[in-house]
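Reader: Before I set up any calculation of my own, I would like to go through this model with you step by step. Could we begin by putting it on view?

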Amino acid sequence: MSKLDELMQQQAELEAEIKRVAKNEKAEALKEVRHLCKLHGFTYNQLKGHLSPGRKSRTKE
C-alpha cells in the first residue's frame, strides 16, 4: 500500500469519526436542553421565537 493510499484511508477514518462525535455532541446538547426546559417549566410556545426554523416538509409531486 502506498503512502497516498494510507493517508486517504486515514482521512476517511477521521471523517467518519468526526461525524460520529458531532452526532453524539448534538444528542448530548439536546438532552441538556430538554432537561433544562423540564427543570424550569419552559414550553415550546415560550421558546419558539428563539428556535431556528425546522426542516421543510417535502411535497409529493
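Reader: In which helix is the place of Q10?

Author: The model is a predicted one, in which local features need pLDDT of at least 70 and side-chain atom pairs count only at pLDDT 80 or more, while totals for chains, interfaces and linings use all residues. Residues are numbered from 1 along each chain as its sequence is written, and side-chain values use heavy atoms, with hydrogens and water left out. With helices taken as DSSP runs of H or I of at least four residues, strands as runs of E of at least two, and both numbered from the N terminus, Q10 has its place in helix α1.

Reader: Is Q10 buried, partly exposed or exposed, and how far is its C-alpha atom from that of G54?

Author: A residue is called buried under 20% relative accessible area, exposed over 50% and partly exposed in between, with a 1.4 Å probe and protein chains only. Q10 has a relative accessible area of 43%, so it counts as partly exposed. Although Q10 and G54 are 44 residues apart along the chain, the separation of their C-alpha atoms is 34 Å.

Reader: Does the length of α1 agree with the number of its residues, or disagree, and what is the distance between its end C-alpha atoms?

Author: The expected span of a helix is 1.5 Å times one less than its number of residues. Helix α1 runs over residues 3-40, and its 38 residues should therefore span 56 Å.

Reader: How many helices and strands does the protein have, and what is its radius of gyration?

Author: The protein holds two helices and zero strands. Taken over C-alpha atoms, the radius of gyration can be set against the globule rule, which is 2.2 Å times the number of residues to the power 0.38. For 61 residues that rule gives 10 Å, and the protein is well over this, so it is more spread out than a compact globule, with a radius of gyration of 20 Å.

Reader: What box do the C-alpha atoms fill, and what percentage of the residues is buried?

Author: Along the principal axes, the C-alpha atoms of the protein fill a box of roughly 60 × 40 × 15 Å. Of the 61 residues in the protein, the buried ones make up 2%.

Reader: Which residue forms a salt bridge with E17, and which with E28?

Author: A salt bridge here is a side-chain nitrogen of Lys or Arg within 4 Å of a carboxyl oxygen of Asp or Glu, and the count by this rule comes to two. In one of them, E17 pairs with R20, their closest N and O atoms being 3.9 Å apart, and both lie in helix α1, three residues apart, about one turn of the helix. E28 and K31 are likewise separated by about one helical turn, because they are three residues apart in helix α1. With closest N and O atoms 3.7 Å apart, the partner of E28 is K31.

Reader: Which of the two residues E28 and K31 counts as exposed?

Author: E28 has a relative accessible area of 48%, so it is partly exposed. At 54% relative accessibility, the residue that counts as exposed is K31.

Reader: Where does G49 lie, and how far apart in space are G49 and V21?

Author: G49 lies in the segment after α2 (44-47). With a relative accessible area of 70%, G49 is exposed. G49 and V21 are 28 residues apart in sequence, and their C-alpha to C-alpha distance in space is 29 Å.

Reader: What is the separation of the C-alpha atoms of K38 and L51?

Author: K38 has its place in helix α1 and is exposed, with a relative accessible area of 74%. K38 and L51 are 13 residues apart along the chain, and the separation of their C-alpha atoms is 17 Å.
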